[in-house]
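Good morning, and thank you for making time.

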Amino acid sequence: MNDILKIGKYEFNSRFILGSGKFSLALLEAVIKEGDAEIITLALRRANAGGEENILDFIPKDIKLLPNTSGAKTAQEALRIARLGRELGCGDMVKLELICDSKYLLPDNSKTIEATRLLVEDGFTVLPYCYPDFYVAKELESAGAAAVMPLGSPIGSNRGLQTKDFIQILVDEIKVPIIVDAGIGKPSQACEAMEMGVDAVMLNTAVATAKDMVLMSRAFKNAIKAGRDAYLGGLGRVLDKAEASSPLTGFLGE
């Protein structure tokens, strides 16, 4: 089955989006390859044009770069960072991060809506990171977001799908792709998210802090694929009582 992930004008076969923020550059290419990731997020401060080590030199050329606006606290700052990424050759697809507090690292939803409008008007394919609120997601969709990226739990926590019920509302009601971003800590959690019907999973810390990062990347790839297949296959019903899987009559002449 040809199951394509469509984000704006772009198409992808993989539904595993990998962050690059916590990897040693020496391991990054192997982790990308083992996970079959086709989209890699990039903090622009790591793209040191002319520096000794440029992260862009360690990312395969066929990978779609997704620069993020990490560090932005206003819509105008996000726009400037996105433009910088475009000038560096990262393209027009951008992950919008607008975080104003340093303790909880939660996205500022209202400013994110404002920034989405500005970025879309400037020709960007915008994937905004947000707290999973139905009304905010509708506003982001109306502002032209190509996808909505709700958090599963706080950034870097590896605590899993603590906002599961709210993400399910977005899956059911929002027309653009829903990509769970932040908090996924285990392959089983990524699989659960995909079983819910989300379109992709983005993660970084769960792989970057694993004992064997390359093997963990493969585990997440397989879990995401399994969860997607389960969703497409249609999960079986859930009952509140037992039901025999084989008939209990007609046995031994009964």
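Helices here are DSSP runs of H or I with at least four residues, strands are runs of E with at least two, and both are numbered from the N terminus. Please note that this is a predicted model: local features need pLDDT of at least 70, side-chain atom pairs count only at pLDDT 80 or more, and totals for chains, interfaces and linings use all residues. Residues are numbered from 1 along each chain as its sequence is written, and side-chain values use heavy atoms, with hydrogens and water left out.

Let us start with Asp101, which is located in the loop between β6 (93-96) and α3 (109-121). Its relative accessibility is 26%, so Asp101 counts as partly exposed; buried means under 20% relative accessible area, exposed over 50%, and partly exposed in between, with a 1.4 Å probe and protein chains only. The side chain of Asp101 has a polar atom 3.0 Å from the backbone nitrogen of Lys103. That side chain also reaches the backbone nitrogen of Leu106, at 3.2 Å.

I turn now to the aromatic rings. How many aromatic pairs does a search of the whole structure find? The search finds 2. Rings of Phe, Tyr and Trp (its six-membered ring) pair if their centres lie within 6.5 Å; planes under 30 degrees apart count as stacked, over 60 as edge-to-face, and the rest as tilted. Phe16 and Phe220 have ring centres 6.4 Å apart and planes at 35 degrees, so this pair is tilted. Because Phe16 belongs to strand β3 (residues 16-18) and Phe220 to helix α8 (residues 213-233), the pair ties together parts 204 residues apart in sequence. Phe16 is buried, at 2% relative accessibility, and Phe220 is buried as well, at 0%.

The pair of Phe134 and Tyr135 is edge-to-face, at 5.2 Å centre to centre and 65 degrees between the planes. Phe134 is partly exposed at 28% relative accessible area, whereas Tyr135 is exposed at 64%.

Finally, the chain as a whole. Its secondary structure comprises 8 helices and 10 strands. The radius of gyration, taken over C-alpha atoms, is 20 Å, close to the 18 Å from the globule rule for 254 residues, so the chain is as compact as a globular protein of that length. That rule is 2.2 Å times the number of residues to the power 0.38. Of the 254 residues, 48% count as buried.

Note on methods:
A polar contact is a pair of N or O atoms within 3.5 Å; within protein, one must be able to donate a hydrogen and the other to accept it, and residues adjacent in sequence count only if both atoms are side-chain atoms.
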